[in-house]
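I opened my notebook to look up a protein and write down what I found. Come and read along with me.

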Amino acid sequence: MSPATPESKTCRSCGRRIEWRKKWASNWDDIAYCSDSCRKHKVTAHDRELEQRIRDLLAQRAASSSICPSDVARSLHPDDEDAWRDLMEPVRRAARRMVAAGEVDITQGGSVVDPSTAKGPIRIRRHRS
């Protein structure tokens, strides 16, 4: 990254990192979403509910504990497997937004990972300084 290149941002919808591109030089301050899909989706009340559910489940656990995104999804639809499975990506998006806000960390194998590039099973824990 050259000295003139602005810092990356976080997508308001999915929480992934948005890297600066030369074509955005004239309107970088206006860029808020990483894709057309995220621009259309935006953050809804349901998305905020998922974030709150993550906070609630973490509050019920020991400070050193973590939760799986499926814990959040199953807490909303305990008897409907299809319904909670459909919530897995929205829960992961909520967790990525919370990482960007400094509220939680996303881990794999006990190590904090970059939520923009994490693939496979993740855990969510309270942010540690």
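How many salt bridges does the structure hold? I looked this up and found 12 salt bridges, where a salt bridge is a side-chain nitrogen of Lys or Arg within 4 Å of a carboxyl oxygen of Asp or Glu.

**Ground rules.** I noted that this is a predicted model, in which local features need pLDDT of at least 70 and side-chain atom pairs count only at pLDDT 80 or more, while totals for chains, interfaces and linings use all residues. Residues are numbered from 1 along each chain as its sequence is written, and side-chain values use heavy atoms, with hydrogens and water left out.

**Overall layout.** I read off 5 helices and 6 strands; these are DSSP runs numbered from the N terminus, with at least four residues of H or I for a helix and at least two of E for a strand. Starting at the N terminus, the order of elements is β-β-α-α-β-α-α-α-β-β-β. The C-alpha trace spans about 50 × 35 × 25 Å along its principal axes.

**A salt bridge in a helix.** I picked out Arg-55 and Glu-51, whose side chains meet in a salt bridge at 3.8 Å, N to O. Why are these two separated by about one helical turn? Because they are 4 residues apart in helix 2, which covers residues 45–59.

I followed 4 strands that form an open sheet in the order 3-6-4-5, with antiparallel pairing. Here, two strands pair if DSSP finds at least two bridges between them. Strand 3 (66–67) and strand 5 (111–112) are the edge strands, and each pairs on one side only.

Next I looked at strand 6 (residues 123–126), which pairs with strand 4 (residues 104–108) in the antiparallel sense over 4 bridges. Ile-106 has Ile-124 of strand 6 as its bridge partner, and Val-104 has Arg-126. Strand 6 is also joined to strand 3 by 2 bridges, again running antiparallel. There, Ile-67 stands opposite Ile-124.

**Two domains.** I then checked how the protein is divided: domain 1 is 9–40 and domain 2 is 45–126, with bounds from an automatic or database domain assignment. Their centres, taken over C-alpha atoms, are 23 Å apart. The contact (heavy atoms within 4.5 Å) takes 7 residues from domain 1 and 8 residues from domain 2.

Between them the domains bury about 640 Å², 39% of it on carbon and sulfur atoms. Buried area is the accessible area (1.4 Å probe) that two parts lose on being put together, summed over both. Which three residues supply more than any other three of the area that domain 1 buries against domain 2? I found Cys-14, Arg-16 and Arg-17, with 59%.

**Across the domain interface.** I counted 1 salt bridge between domain 1 and domain 2. My entry for Asp-114 and Arg-17 says that their side chains meet in a salt bridge at 2.5 Å, N to O. As a reminder to myself, side chains of opposite charge can pair when their charged atoms come close.
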